[in-house]
Amino acid sequence: MNKKAIVIGAGIVGLATSRALALRGYKVTVFERNERAVGASIRNFGMIWPIGQATGPMYERAMLSRSIWKTICTEAKIWHDEVGSLHLAYHDDELQVIQEYVEVNQAHRDCALLNPGEAFIKSPAINTDGLKGALWSGEEMIIESREAVGQVAAYLADKYGVEFHWNTAISRIEHPKVYSGKSTWEADEIYVCSGADFETLYPELFAQTDITKCKLQMMRLVSQPDGWRIGPSLCGGLSMIHYPGFQVAASLPALRARYQEQYATQLKWGIHVMASQNGNGELTIGDSHEYGLVHDPFDKAFINEMITGYLHTFANFKDWQLLQSWHGILPKMTNGATELIVDVEPGVTIINGLGGNGMTLSLGLCEQVIAARS
């Protein structure tokens, strides 16, 4: 008889866990407190972003995750675009970081240093005025997370018989049971994948954990005219001091020091700026990072203005009209850990705390975690 598993949360971590369990013959039941996933899993760029991860185990996890995304998207006919990415350099110190990155990584990754002309061939949306060069990476992929997360749930239900209980908030766990009010369900294994919401199930554990919450502000611009595409996702230099993948560059500390002087306000609010394009031609831009256990529910206009102001330094879009703005809140480890995996009691495991890397790492992480336990 197949083992039973319960997964709490239908965001990307919950779906990744459900997939890995179902693949190994578990009968999986997912509980989601809302009628669909509405948290951080749908409030992002839709970027699967290996370039942000350091070469080694995290990069391998990102590439495993990318391969799983590719399989799911192909089988479920989910829109995805293997566009790659460009990091653009307008100063010698930015170019130096890119050169060092490529020297270290070109044997391990699909990356290259491009001159301005080569970069413009990749993307007609870049600002070539003063451009010194660009880092090209061919490994990044875009999905439309607002649609894809729900489509992955439907795929898991159809292919593996994963059962979803929507609008069902789990209020208590006592293995082998989970409770929603007076209703109960049982399973051999229970996985809590509900983001920072695990605070409500295990408040003492949450309080004792080196974890906080990060608020991101993001925006979406209208569909670009006449089917115009930007090609790769685009990044400015600030992204190079944000992602661990660039720490291999020996001159990165010097670049960081300049940015801390020139962009002190932007860095105070955790701003680094990127742009991706969905299948409808709309542009997702952002973002900022504010850390704390409680966040202002109101977005700050000056943060959005700083994001778009910096974006104008490296991107030329056809139409900058704002379609939407929003924020997301996600759990973030404060001790340098890349995730939180805790066995609360025998048979109950929390998988959480991927920070801003959920779309990039979840499918790979959960595959590795469940495979190691099978």
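How many bridges pair β10 with strand β11 (residues 177-180), and in which sense? The two strands pair in the antiparallel sense over 3 bridges. This is a predicted model: local features need pLDDT of at least 70, side-chain atom pairs count only at pLDDT 80 or more, and totals for chains, interfaces and linings use all residues. Residues are numbered from 1 along each chain as its sequence is written, and side-chain values use heavy atoms, with hydrogens and water left out.

**Sheets**

Strands (E, at least two residues) and helices (H or I, at least four) are DSSP runs numbered from the N terminus. Two strands pair if DSSP finds at least two bridges between them.

β10, β11 and β12 form an open antiparallel sheet of 3 strands, in the order β10-β11-β12. Its edge strands, β10 (172-174) and β12 (183-186), each pair on one side only. Neighbouring strands of this sheet are turned by 20° against each other on average, direction ignored.

Another open sheet of 3 strands has the order β3-β8-β4, again with antiparallel pairing. Here β3 (47-48) and β4 (80-81) are the edge strands, each pairing on one side only. Helix α2 (residues 57-76) lies across β3, β4 and β8 and runs at about 45° to β8. Axes are lines fitted to C-alpha atoms, for helices over the stretch in contact, and angles run from 0 to 180 degrees between N-to-C directions.

| Strand pair | Bridges | Opposite residues |
|---|---|---|
| β10 and β11 (177-180) | 3 bridges | E174 and K177 |
| β3 and β8 (141-143) | 2 bridges | I48 and M141 |

**Helix packing**

Helix α1 (residues 12-23) packs on helix α11 (residues 358-373) at an angle of about 30°, with the axes 8 Å apart. In contact (heavy atoms within 4.5 Å), α1 contributes residues including I12, V13, A16 and L23, which meet residues of α11 including M359, L363, C366 and I370. By class, this contact has 10 nonpolar, 3 polar and 2 charged residues. Nonpolar covers Ala, Val, Leu, Ile, Met, Phe, Trp, Tyr, Cys and Pro, charged covers Asp, Glu, Lys and Arg, and the others, Gly among them, count as polar.

**T338**

T338 lies in the loop between β19 (322-333) and β20 (340-345). Its relative accessible area is 33%, so T338 is partly exposed (buried is under 20%, exposed over 50%, partly exposed in between, with a 1.4 Å probe and protein chains only). Not counting residues up to four places away in sequence, T338 touches M58, R61, G353 and L354. The C-alpha atoms of T338 and S325, 13 residues apart along the chain, are separated by 28 Å.
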